[in-house]
Amino acid sequence: MAITALDEAGQIHVIDGQKENMRIAEAIEDGMIPEKLFQRATEALLAMKSIGQSYKGEFRVVATQAIRAAHNRLAFIDHIQKTTGLKMEIIDGVEEARLSFLGVSQSLSFGTENLLSVDIGGASTEIAVGRGADCTYLSSLKMGALLLSKTYFFDKGHTADQLEELRQYVEARLTPIQVDLFGASVQNAAATSGTAKALARMIHQDRTRTELDDPHGFRFTAAELYAVEQELGKILHPDRIAIRWGLDSKRADIVLSGCVILATLTRLLQIPHWIVSASGLREGVALDTYERKGLLPRAHWQDLRWQSVVGFAGKLRLDPAFAAQTSDLAVRIFDEMVAFPAFADMSSDARLDRDLLLAAAYLLEAGKFINFTSYHRHSYYLITESNLLGYTQEEKNLIALINRFARKSPAKSSKSDSLPYLDRNLSRVNLLSSCLRIARCLLRTRQMKIQSLKITKQGGSYALRMTTTPGSRMDAEKLALKKDAKSLEKALDCGLDFQFEAPGSKS
């Protein structure tokens with residue numbers, strides 16, 4: 001946990017923190033988080049919550065590779081919410097890389113120079129290249145210090161043969177990064193995570209024979225890193241490694257694997273030296289949260305999310321003019337709807353839901369990239385498997401669900417087993433997909449014929465009154481709405497009436 005405060009210049013400051021080492025990647029068996037960790041995680045988060053509440057803090061909880069890879073991840077996050085009241089978000093690998101990069105870049109001053117950041121975690125390694133808050137390259141590898149140690153050492157012994165197998169595997173996984181970044185101008189390289197801080201302390205000890213109190217900002221050369229890697233490879237056994245550098249046993253048994261990752265990347269990318277950042281993912285999450293709330297000087301978060309959606313649409317060759325019309329009309333309908341309590345209650349966060357609807361509407365025809373038949377199902381798959389930056393895994397799934405149920409039958413709980421996140425967001429998905437469904441019907445001829453629209457309540461029913469552009473015939477649009485009327489009324493649990501008026505006509 002990091003507790004942060006935001007100053008007037010838009011810089012964050014960590015004012016308190018707490019860490020509990022769960023080693024979930026090590027405990028997972030057959031893809032399942034064991035029940036004992038449900039309880040341990042609850043206890044750790046309740047302790048963190050009580051500390052955070054003393055600062056009157058607002059909480060944001062994110063889960064990374066070990067949890068996102070677990071088969072019972074949704075049961076785990078549901079358990080956490082029920083027992084602690086904290087909502088846990090699963091973030092994708094590339095989003096983890098971006099957030100870690102944000103944390104590193106804000107804590108070390110690189111000006112306008114490019115930065116390569118590396119975050120070696122327990123279950124994955126994130127690599128990013130960028131400048132300031134803008135990333136030009138993001139990658140996440142399911143290869144972390146703890147996971148590698150579990151695979152190659154814990155059950156097989158610490159031998160030279162096992163080390164050689166690990167090195168070959170790491171080099172094979174990192175070589176594509178060398179290809180991806182060939183010719184890239186990288187002026188600075190920073191490493192964050194427990195592995196980086198441990199290596200900083202080890203190198204400082206060998207360099208000065210003294211302990212390093214704070215590893216943040218510590219620099220070491222490639223030669224110093226290779227020297228530590230070589231000695232770790234000779235010692236091998238965690239107990240002797242712990243004695244040699246005075247490491248905690250839980251760090252000593254995984255530092256060799258982490259060192260191999262960093263040293264291999266150093267060789268492949270020809271990095272001359274590294275700088276260590278004590279800031280990383282947690283601080284990046286804090287920055288991202290401030291941006292989401294509009295508290296930072298620029299709306300980079302909003303721009304990033306939208307650019308990510310538009311970029312993805314471009315790869316799918318979607319018609320940008322039609323996509324923009326669809327998203328604009330869908331959110332106009334949403335804004336009208338949430339003015340009424342019945343519809344507002346279906347939305348958990350109007351600002352966020354509007355943003356999710358905007359993205360889902362822009363990507364309405366994503367599935368046509370695969371096949372026109374049942375393209376709404378193809379859209380769901382493409383969106384959930386995409387790398388949409390700035391969105392959590394649940395938010396990305398919500399975009400896909402809104403898109404999926406804007407066509408054919410409305411969302412219902414019986415489908416939730418095959419569609420993650422649907423059951424807990426059922427009314428929300430029905431509201432947002434209904435807004436998109438109406439917009440889709442009104443754009444049946446792919447022309448914007450609606451000048452203005454207004455929703456009014458008439459008893460227990462609602463009327464959508466629309467003024468059309470001069471000379472417009474609405475035959476196709478009326479037929480589309482008629483076909484979808486029952487689905488809309490079922491999704492929204494109310495009667496709906498659609499009224500068209502020519503410009504200047506009296507109501």
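Which helices and strands each supply at least two residues of the lining of the second largest pocket? I looked it up, and the list is α3 (65-68), α5 (93-107), β7 (134-141), α18 (375-384) and α19 (393-404).

**Ground rules.** I am working on a predicted model, where local features need pLDDT of at least 70, side-chain atom pairs count only at pLDDT 80 or more, and totals for chains, interfaces and linings use all residues. Residues are numbered from 1 along each chain as its sequence is written, and side-chain values use heavy atoms, with hydrogens and water left out. Helices (H or I, at least four residues) and strands (E, at least two) are DSSP runs, numbered from the N terminus.

**Pocket entry.** I read a volume of about 590 Å³ for the second largest pocket. Its lining has 20 residues, and Asp92, Thr384, Glu385, Gln393 and Lys396 are the closest to the centre. α19 gives the most to this lining, with three residues. By class I noted five nonpolar, nine polar and six charged residues. (Ala, Val, Leu, Ile, Met, Phe, Trp, Tyr, Cys and Pro count as nonpolar, Asp, Glu, Lys and Arg as charged, and the others, Gly among them, as polar.) A pocket is an open set of points on a 1 Å grid over the protein atoms alone, with protein on both sides within 12 Å along at least five of seven lines; a cavity is a set where a 1.4 Å probe fits but cannot get out; lining residues have an atom within 4 Å of a point. Grid points are joined across faces, edges and corners, and a volume is the space filled by probe spheres set on the points.

**From α19 to α20.** I followed α19 to helix α20 (residues 426-442). Their axes come within 8 Å and cross at roughly 55 degrees. (Axes are lines fitted to C-alpha atoms, for helices over the stretch in contact, and angles run from 0 to 180 degrees between N-to-C directions.) The two helices are therefore oblique to each other. (Under 35 degrees counts as roughly parallel, over 145 as roughly antiparallel, 65 to 115 as roughly perpendicular, and the rest as oblique.) α19 passes α20 in a right-handed crossing; the near helix is then turned clockwise from the far one by less than a right angle. Leu398, Leu401, Ile402 and Asn403 of α19 meet Arg428, Val429, Leu432, Ser433 and Leu436 of α20. Contact means heavy atoms within 4.5 Å. I sorted these residues into six nonpolar, two polar and one charged.

**α15 against α17.** Next I took helix α15 (residues 320-337) and helix α17 (residues 350-362), whose axes come within 8 Å and cross at roughly 150 degrees. That makes α15 roughly antiparallel to α17. This crossing is right-handed. Among the contact residues are Ala323, Thr326 and Phe334 of α15, and Arg354, Leu357 and Tyr362 of α17. The contact divides into eleven nonpolar, two polar and three charged residues.

**Cavities.** I found three cavities of 30 Å³ or more. α15 and α17 each supply at least two residues of its lining, and α15 gives the most, with three. The lining includes Phe322, Ala323, Thr326, Ala361 and Tyr362. Its residues divide into six nonpolar, one polar and two charged.

The largest cavity has a volume of about 50 Å³. α15 is here too: α15, β12 (461-468) and β13 (495-501) each supply at least two lining residues. β12 gives the most, with three. I listed Ile333, Met337, Ile438, Ile455, Tyr462, Ala463, Leu464, Leu496 and Phe498. They divide into nine nonpolar, no polar and no charged.
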